[in-house]
Amino acid sequence: MRALTWHGKRDVRVDTVPDPHITEPTDIIVRVTSSGICGSDLHLYEVLGPYLEPGDILGHEPMGIVEEVGSEVTAVTPGDRVVIPFNVSCGTCWMCGQGLHSQCETTQVRERGMGASLFGYTKLYGQVPGGQAELLRVPFGNTLPVKVPHGPPDDRFVYLSDVLPTAWQAVEYADIPPGGSVTVLGLGPIGDMASRIALHRGASQVIGVDLVPERLARARARGVHTLDLNAYGKDLGDEVRRLTDGRGTDAVIDAVGMEAHGTAPIKAAQQLVGKLPSKIGQRVMGRAGMDSMAAFNLAVDVVRRGGTISLSGVYGGAMDPVPMMTLFDKQIQLRMGQANVRRWVPDILPLLDETDVLGVDDFATHRLPLEQAPDAYRTFQAKEDGMIKTLLTI
C-alpha cells in the first residue's frame with residue numbers, strides 16, 4: 001500500500017509499505033478514504049523527531065470503509081463506513097468507563113509513563129502505524145470505530161476523528177457560564193472549531209486571536225470578534241479587558257501549544273533538540289525540554305480572576321516555567337489533556353445532519369491526493385496558500 005512516512009525533520013514521503021493484516025480477533029482493516037492533516041502532525045514534522053523512526057506512518061484523522069474483520073468482531077461488517085478516533089482506546093477498561101479514553105488502561109504506554117496509545121504519533125504514544133495511508137489496522141473493532149451512514153461526503157464525518165471532539169472538549173473544559181465570554185488563542189482547525197462550538201453552545205462573546213489573515217477572516221465570518229496579534233502585540237491583554245468591562249474573559253482556550261510564536265532562544269532550543277540523535281534527543285526533551293510559553297502566558301493574562309483556562313494545544317516540555325504565583329493569585333482553574341474522542345461522539349453526532357450547524361461540509365480549505373501529502377505538510381507548516389485544514393483523499 002501507499003502511506004505517508006517520516007524520514008527526518010521536515011522530510012515526509014509517500015512510500016510503498018507492507019499492507020496491514022488482522023493480528024487479533026477483534027481487529028478490523030479499514031480502507032481509508034479521507035485522512036486529515038492535523039496541527040499536531042506539524043510537531044512531528046518540526047520538533048518531535050527524537051521520538052520517531054524513519055518509516056513511521058503518520059496520521060490520526062482517518063475514515064473509510066471496513067474491508068476485513070477479525071473473527072470476534074460483531075459491531076461492524078465489511079462495507080460499513082467508519083471514522084477512527086485518534087485515541088487507541090479499548091472502550092471497556094475502568095478509565096474508558098469514566099469517559100477518559102485518552103487514559104485507556106489497556107493501551108497506556110507505561111514504559112514511558114504516558115497515557116493511551118495514539119495512531120501515528122511517536123514512540124511516546126505507542127508507535128502505532130497511522131492513517132495517512134491506503135489501509136489501516138484498527139484494534140478493538142467492536143468498541144473503537146464510529147459507524148456513520150453512507151451518503152454524505154466524508155467531510156461531514158471525518159472530523160469526528162479529532163477536530164470535533166478536541167474542540168468540544170476544549171469548550172467543555174473551559175466551563176463558560178451561560179451567556180459568558182471566552183478568548184480562543186489560535187484559530188487553526190481546533191481553535192476555529194472551538195469558536196464555532198462555543199457560539200453554538202451559548203457564549204455571548206467569543207474573541208479569537210491569531211496572526212494569520214486568512215484564519216482571522218474565516219473566524220470573523222462566523223461571528224467571532226477577532227484580534228490580530230501582530231497589531232496588538234503586548235497590548236492584547238488590555239484590549240481583551242477593554243472588551244470585557246476591565247475583567248478579561250470568563251475562560252480562555254489555548255489552541256496553540258508548544259510551538260507558539262515566542263522567544264528566539266526557546267525556538268532555537270526546540271530546533272536544536274529536533275536535530276539531535278534520537279536517544280540523546282529523547283533524554284534532553286524528557287528531562288529538560290521547554291516549550292514556548294507565549295500562548296499560555298497570554299491566557300493567564302487575559303482570563304478574568306476566578307476564570308478557567310482550557311488547554312487543547314499540545315505541550316511537551318518537562319521544565320516549562322509556569323507562573324504559579326499569578327495562577328494562584330487570580331484563582332484560575334486549569335483543565336487540559338488529549339481529547340477523549342469516544343466520550344464526546346454522542347454529543348456531536350446529532351449536529352452532523354443536513355443543517356450542518358458547525359459548518360463541517362466546507363471546513364477543509366484544501367483537498368489533495370495522498371501523493372501530494374509532502375507538499376501539503378510544507379505548505380501547512382509555512383502557513384501559505386490560505387491553508388487551514390487539509391484532507392488527504394485516498
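# Sheet, helices and a salt bridge

Student: Which residue in β12 stands opposite alanine 251?
Tutor: Threonine 308 in β12 stands opposite alanine 251. This is a predicted model, where local features need pLDDT of at least 70, side-chain atom pairs count only at pLDDT 80 or more, and totals for chains, interfaces and linings use all residues. Residues are numbered from 1 along each chain as its sequence is written, and side-chain values use heavy atoms, leaving out hydrogens and water.

Student: How do β11 and β12 pair?
Tutor: Strand β11 (residues 249-254) and strand β12 (residues 303-311) pair in the parallel sense, over 5 bridges. Pairing takes at least two DSSP bridges between two strands. Strands (E, at least two residues) and helices (H or I, at least four) are DSSP runs numbered from the N terminus.

Student: What's the strand order in the sheet?
Tutor: The open sheet of 6 strands runs β10-β9-β8-β11-β12-β13, with parallel pairing. β10 and β13 (333-336) are at the edges with a single partner strand each, so one side of each has no neighbour in the sheet. From one strand to the next, the twist averages 20°.

Student: Which helix packs on the sheet there?
Tutor: Helix α10 (residues 294-302) does, touching β8 (181-185), β11, β12 and β13. Its direction makes about 150° with that of β12. Contact is heavy atoms within 4.5 Å; angles run from 0 to 180 degrees between N-to-C directions, with axes fitted to C-alpha atoms, for helices over the stretch in contact.

Student: Back to β10. What does valine 209 stand opposite?
Tutor: Leucine 227 in β10. β9 (residues 205-210) pairs with β10 (residues 225-228) in the parallel sense over 4 bridges.

Student: OK, helices. How do the axes of α3 and α12 cross?
Tutor: At roughly 90°, and the axes of α3 (residues 163-174) and α12 (residues 341-348) come within 9 Å. Among the α3 residues that meet α12 are Leu164, Trp168 and Tyr173, and the α12 residues include Val341 and Trp344.

Student: New topic. How many salt bridges?
Tutor: The structure holds 25. Each is a side-chain nitrogen of Lys or Arg within 4 Å of a carboxyl oxygen of Asp or Glu. One is lysine 9 with glutamate 46, whose closest N and O atoms are 3.4 Å apart.

Student: Where do those two sit?
Tutor: Lysine 9 is in the loop between β1 (2-8) and β2 (11-16), and glutamate 46 is in helix α1 (residues 41-46). They are 37 residues apart, so the pair links distant parts of the chain.
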